[in-house]
Amino acid sequence: MISKIINMAEKIKDAEDRLLESMFDSRPIADDGFSVRIMRKVRRRLWFRRLALPVAAVTGGAIAFKPLVGLVTALANLWSLIPADLVSGTTGSIPPFQTVLLGAILLAAGLLGMRLLEE
Amino acid sequence: MSASADNELVARVVSAQNTAAFGELVRRHQSHVRNFLRKLAGDYALADDLAQDCFMHAWDKLQTFSGRGSFIGWLLKVAYTTFLQSKRKSKRYAEILDTAGRVADQESRSPVQPDDEVTDLDKYLAVLSEEERAIMIMSYACGLSHREIGDATDMPVGTVKSVIFRGKEKIRNSFDIKDHQHG
């Protein structure tokens, strides 16, 4: 009720208000390709966003591939240095190192993928 | 231009990134936004650049439109913010040029309205501060309510009313607007 009264009070205009309104009034501006330019920009941005993630993933993967292979090889070599009898005692309960590492990488990739899908 | 149609278009854009619906919103409101920025900036080319930026910001932030006020009110808020940001940036740019000992040739850069096209309205707007100008344009040219202007400028309704009152007083004191012959 109060807001209606306020709105009505706002709509009551004196001659000066009407004069100002007529002076501020301007002709509508023709589109003249303005909206087409905006839509072109919007589509470009949309495509850029859609492509950015896969491109970043592929680039990151390509950059990280060689060091990752080196790291895995180094860890595998390190594993081979551990005395066999020490390892054999745990083989019954713990899976091989490579399997654990692969599992960890898959888990991390899965979690990352889930988060990206959520976003 | 109904508010419910605007809200429907906004919902389509937000839910499915529907570019056609956004295009329709641009077509419906480009004239209002460009008119607002042209009056505010006083430079048609700059105003149209700012209007493009405004619609791109609107595309990015459309999900923040709650649908409580009018869409054009929200859009003019984005336009006003875009204008203020651009002004701040150009000021910083001028300061950098100044520090480097170079003079920015602003007159030759921006095609402002020619002198013979200066209207009565331009003269009236010239006596107002930037904030008063923005609020007066929103009120008298865009037909926004005081509440909508308050939302657009982040000001209480009472402040909006007093700014309009002050603006009218300035125009009244500088010009005899009763003698103005319109048309």
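1. pLDDT is the predictor's confidence in each residue, on a scale from 0 to 100, and by that score chain A averages 79, with 79% of the residues scoring at least 70. Within chain A, confidence is lowest in helix 1, at a mean of 55, and highest in helix 3, at 88. Where pLDDT is low, the predicted coordinates should not be read in detail.

2. The model is predicted, and local features need a pLDDT of at least 70, side-chain atom pairs count only at pLDDT 80 or more, and totals for chains, interfaces and linings use all residues. Residues are numbered from 1 along each chain as its sequence is written, while chains are lettered from A and ligands numbered from 1 in the order in which they are written.

3. On the overall make-up, chain A has five helices and zero strands, where helices (H or I, at least four residues) and strands (E, at least two) are DSSP runs numbered from the N terminus; the elements of chain A run α-α-α-α-α from the N terminus on. Chain B has nine helices and zero strands. A residue is taken as buried if 20 or more other C-beta atoms lie within 10 Å of its own, as exposed if 12 or fewer do, and as partly exposed in between, the C-beta atoms being placed from the backbone. By that criterion buried residues make up 4% of the 119 residues in chain A, whereas 37% of the 183 residues of chain B count as buried.

4. Chain B also deserves a remark on its contacts, two residues being in contact if their C-beta atoms, placed from the backbone, lie within 7 Å. Of the contacts in chain B with a separation of 6 or more, 66% are between residues 24 or more positions apart.

5. As to the interface, 23 residues of chain A are in contact with 25 residues of chain B. On the side of chain A that touches chain B, helix 1 (2-11), helix 2 (15-24) and helix 3 (34-81) of chain A each supply at least two residues, and helix 3 of chain A gives the most, with nine residues. The residues of this side divide into eleven nonpolar, four polar and eight charged, with Ala, Val, Leu, Ile, Met, Phe, Trp, Tyr, Cys and Pro counted as nonpolar, Asp, Glu, Lys and Arg as charged, and the others, Gly among them, as polar.

6. Within chain B, the axes of helix 2 (residues 19-41) and helix 7 (residues 130-141) come within 10 Å and cross at roughly 145°, the axes being lines fitted to C-alpha atoms, for helices over the stretch in contact, and the angles running from 0 to 180 degrees between N-to-C directions. The contact is made by B:N35, B:F36, B:K39 and B:L40 of helix 2 and by B:R133, B:A134, B:I137 and B:A141 of helix 7; by class, it has five nonpolar, one polar and two charged residues.

7. Helix 7 of chain B has twelve residues and reaches 15 Å from its first C-alpha to its last, close to the 16 Å expected. Its buried residues include B:A134, B:I137 and B:A141, and the helix is followed by B:G143, whose phi is positive, near 70°.

8. Two residues of chain B other than glycine call for a check of their backbone. B:Q17, in the loop between helix 1 (3-16) and helix 2 of chain B, has a positive phi of about 50° although it is not a glycine, and with 15 C-beta neighbours inside 10 Å it counts as partly exposed. B:D154, in the loop between helix 8 (146-153) and helix 9 of chain B, has a positive phi near 55°, and counts as exposed because 10 C-beta neighbours lie inside 10 Å.

9. B:S70, in the loop between helix 3 (44-61) and helix 4 (71-99) of chain B, has its C-alpha atom 6.3 Å from that of B:A3, 67 residues apart along the chain. B:I171 in helix 9 (residues 157-174) of chain B is buried, with 20 other C-beta atoms within 10 Å, and its C-alpha lies 7.8 Å from that of B:L128, 43 residues apart in sequence.

Conventions. Expected span 1.5 Å × (residues − 1).
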